[in-house]
Amino acid sequence: MAFDLMKLPYSYDALEPYMSAETLQYHHDKHHQAYVDMLNKLLPGSGFEGLSLEEIVKASYGKNQAVFNNAGQDFNHNNFWPWMKKGGGGKKVPGSVLALIDRDLGGFDKFREAFIEAGKTQFGSGWCWLTMKDGKLAVTKTPTAFHIAAATVSSPPPAAVVNSPGSLRIPSMALSAYRNAERMMAAA
Ligand SMILES: [Fe+2]
């Protein structure tokens, strides 16, 4: 079964002035589409056919780098788009999340600074995340297609993502850094 590029949940100009319609269209229609196309090309005969996208990300980690990269990037972007919306951004974070940001990260401004810094210091392509681990929020980053979900199957888990084996970080916000040319903060 071939995967389809997910439809954006808003129009191309919905994220202006933070992300131009041209950037969004390019990022979704070309960049994200390319991962979906490559994944569909790589799947036949890979042994991962018939699995869900998340299952492919987990099963291919450490076993098939090309499938993992493309499935991981498709999965990451599928999560990424719905985390943004027209009129979003700023400090309009749900109160329950804001309370955790205050408690664990020293307040919204410090969190914002740490999140932007993580994006700026992610060399090349990659992602930075606002994650929950052991009941505590943290800002972290991962290279290329790596998704937090893959940490559950890697052994040992990458230190950047999981600090102790078996523990899981749950992503709740992400930033896609693409060759340092595009940086987007996703805020629900
Ligand atoms: Fe991207």
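Visitor: What counts as a nonpolar core here?
Guide: A nonpolar core is a set of buried Ala, Val, Leu, Ile, Met, Phe, Trp, Tyr and Cys residues joined through C-beta atoms within 7 Å. Buried means 20 or more other C-beta atoms within 10 Å of a residue's own, with C-beta atoms placed from the backbone. This is a predicted model: local features need pLDDT of at least 70, side-chain atom pairs count only at pLDDT 80 or more, and totals for chains, interfaces and linings use all residues. Residues are numbered from 1 along each chain as its sequence is written.

Visitor: Okay, which residues in the largest core touch the most other members?
Guide: Leu39, Phe48, Ile56, Val57, Val67, Phe68 and Ala71, out of 13 residues. Two or more residues come from each of α1 (21–42), α2 (53–60) and α3 (65–80), where helices are DSSP runs of H or I, at least four residues, numbered from the N terminus. The largest share, four residues, is from α3.

Visitor: And what does Val67 contact?
Guide: Beyond neighbours within four places in sequence, Val67 contacts Leu39, Leu42, Ser46, Phe48, Ile56 and Ser60 (contact: C-beta atoms within 7 Å).

Visitor: New topic: how do α1 and α3 pack?
Guide: At about 140 degrees, with axes 9 Å apart (lines fitted to C-alpha atoms over the stretch in contact, with angles from 0 to 180 degrees between N-to-C directions).

Visitor: Which α2 residues meet α3?
Guide: Leu53, Glu54, Ile56, Val57 and Ser60 in α2 meet Val67, Phe68, Ala71, Gly72, Asp74 and Phe75 in α3. The α2 and α3 axes lie 9 Å apart, at an angle of about 140 degrees.

Technical notes. A residue is buried if 20 or more other C-beta atoms lie within 10 Å of its own, exposed if 12 or fewer, and partly exposed in between; C-beta atoms are placed from the backbone. Two residues are in contact if their C-beta atoms, placed from the backbone, lie within 7 Å.
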